[in-house]
Amino acid sequence: MSHTRHTGICFLVCYVLWLLEVIVYSVSAPAHGCLSVCHLTRLPSSHSVYFYECLQYLMEAKKAQQSLESTYKQLDSSKKRFEREWREAERAAQYAEKTDQDINATKADVEKAKQQAHMRAHVAEECKNDYAAQLQKYNKEQNQFYFNDMPLIFNKLQDLDERRVRKLAQGYILFSDTEKHVMPIIGKCLEGITKAGTNVNERNDSMVVIEQSKSGFERPGDLEFEDYSQGINRASSDSSLGTPKGPMDLLGKNRSKNFWLFSKRSKPAVTEDFAHLPPEQRRKRLQQKLEEICKELQKEVDQSEALGKMKDVYEKNPQMGDPASLASQISQTTQNIERLRGELNKYEENLFRFISRSPDGAHSDESTPDPSQAIYAEFDDDFEDEELTAPIGKCTAMYNFPGASEGTIAMQEGEVLAVVEEDKGDGWTRVRRNNGDEGYIPTSYVTISLNE
């Protein structure tokens, strides 16, 4: 029995050591950060296969050991029964002999004692035979367990562990080869990082940030001196019906609102025309919005043309498709084009108003009731006073432009015009026709090619 327990402990120790090795490998394997992901995913799956195969072998060993322990319990039970029955048989034999020698005992008592002794001896003999059979059975199973079953299971475990170690070694070799192939790529990446760090120009970067964050606000002027004593004299000389105003009342009335850069201010509500942004940022956002709408409009126009061509093909070749199936798509594309053109005109008007109201515009709000018409008032004077300048390039119109505002010029899609003045950042380009008509058009409406 002690040998069986020793074998079970050996099983347990081997199993625990194997599990510890698997856990250590599972923890250490992800440390190879540059290794291929596919290899990392293969190894855990292989280890799971080995793990379940090992469990299967251990379950076989446990089953064999339980069978041997069960046989031993039967042997021990038969042994104890044989020992108990044999003692009872000895006592019965001694009692029969004693009864036979007793002169006072009757013949019936002697016969009964002899029969009892004979019966006990027969039972003891049966228990002896059962004990001998159980002992023979246990010895046979014990030899089978230690000389056949356990060596076979140990050989299987040894083969399993050897295959696992071989797989692990192949994995390390594969990891090493992968690292060798990855190292040049990592070296190039590091060289690129070094080159990028060397080429950093902090001055240019800061200027880019400044340009992106430029507000366009004018610097505040000097504050004027306010003589509150004169205000007090005037207030005291007013009609007696009025309440005289003190210096603090006048101070609250004339106090100016300063713009502090780093003070906490409530966030303004976002508006569609970006009026909540500083002037410079607002101009950039309006121009950016116009460019986005133009790109979307061009995309819808291209899709409309493609649908029109497809419809023509279907009409000429009915077997290729039904032209009526494109009606919904054509209608939706037309609606999108009209919507985008409406948004484009709206944002153009917003840009007109912004430029006319800005300090660099031609007129202020007080002298210009309609900013969209007054914004180019100075351009007409320039056209009349200046001589015709030589063109610096050509442009081709991508969209129709009505040129309804003063200072602009109308154009049709596909029309070629001469570029007289480049866009100065306000989203408008000055062009001229062959007949001498000049005006401004949206830069995003044309494709420009300048002379070299």
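I shall speak about a sheet, then the nonpolar cores, and finally one arginine.

Please bear in mind that this is a predicted model. Let us begin with the sheet. It is open, has 5 strands in the order β4-β3-β2-β1-β5, and its pairing is antiparallel. At the edges are β4, residues 438-442, and β5, residues 446-450, each of which pairs on one side only. On average, and with direction ignored, neighbouring strands of this sheet are turned by 40° against each other. Strand β1, residues 393-397, is joined to β5 by 5 bridges. Within β5, V446 stands opposite A397.

I turn now to the largest nonpolar core. Which of its 29 residues touch the most other members? They are M411, I441 and Y445. Two or more residues come from each of α7, α8, β1, β2, β3 and β4, and α8 gives the most, with 8 residues. At least three residues of this core are drawn from domain 2, residues 279-356, and at least three from domain 3, residues 390-450.

Beyond its neighbours within four places in sequence, its contacts include A397 and V446, together with I441 and Y445. Another core, of 15 residues, lies apart from the largest one; among its members are Y50, Y57, Y138 and L160.

Finally, consider R283, which is placed in helix α7, residues 279-316. Is this residue buried or exposed? R283 has a relative accessible area of 17% and therefore counts as buried, since the cut-off is under 20%. Leaving aside neighbours within four places in sequence, R283 is in contact with F354, G425 and D426.

Key:
Residues are numbered from 1 along each chain as its sequence is written. This is a predicted model: local features need pLDDT of at least 70, side-chain atom pairs count only at pLDDT 80 or more; totals for chains, interfaces and linings use all residues. Side-chain values use heavy atoms; hydrogens and water are left out. Two strands pair if DSSP finds at least two bridges between them. Helices (H or I, at least four residues) and strands (E, at least two) are DSSP runs, numbered from the N terminus. Axes are lines fitted to C-alpha atoms, for helices over the stretch in contact, and angles run from 0 to 180 degrees between N-to-C directions. Buried means under 20% relative accessible area, exposed over 50%, partly exposed in between (1.4 Å probe, protein chains only). Contact means heavy atoms within 4.5 Å. A nonpolar core is a set of buried Ala, Val, Leu, Ile, Met, Phe, Trp, Tyr and Cys residues joined through side-chain atoms within 4.5 Å. Domain bounds come from an automatic or database domain assignment.
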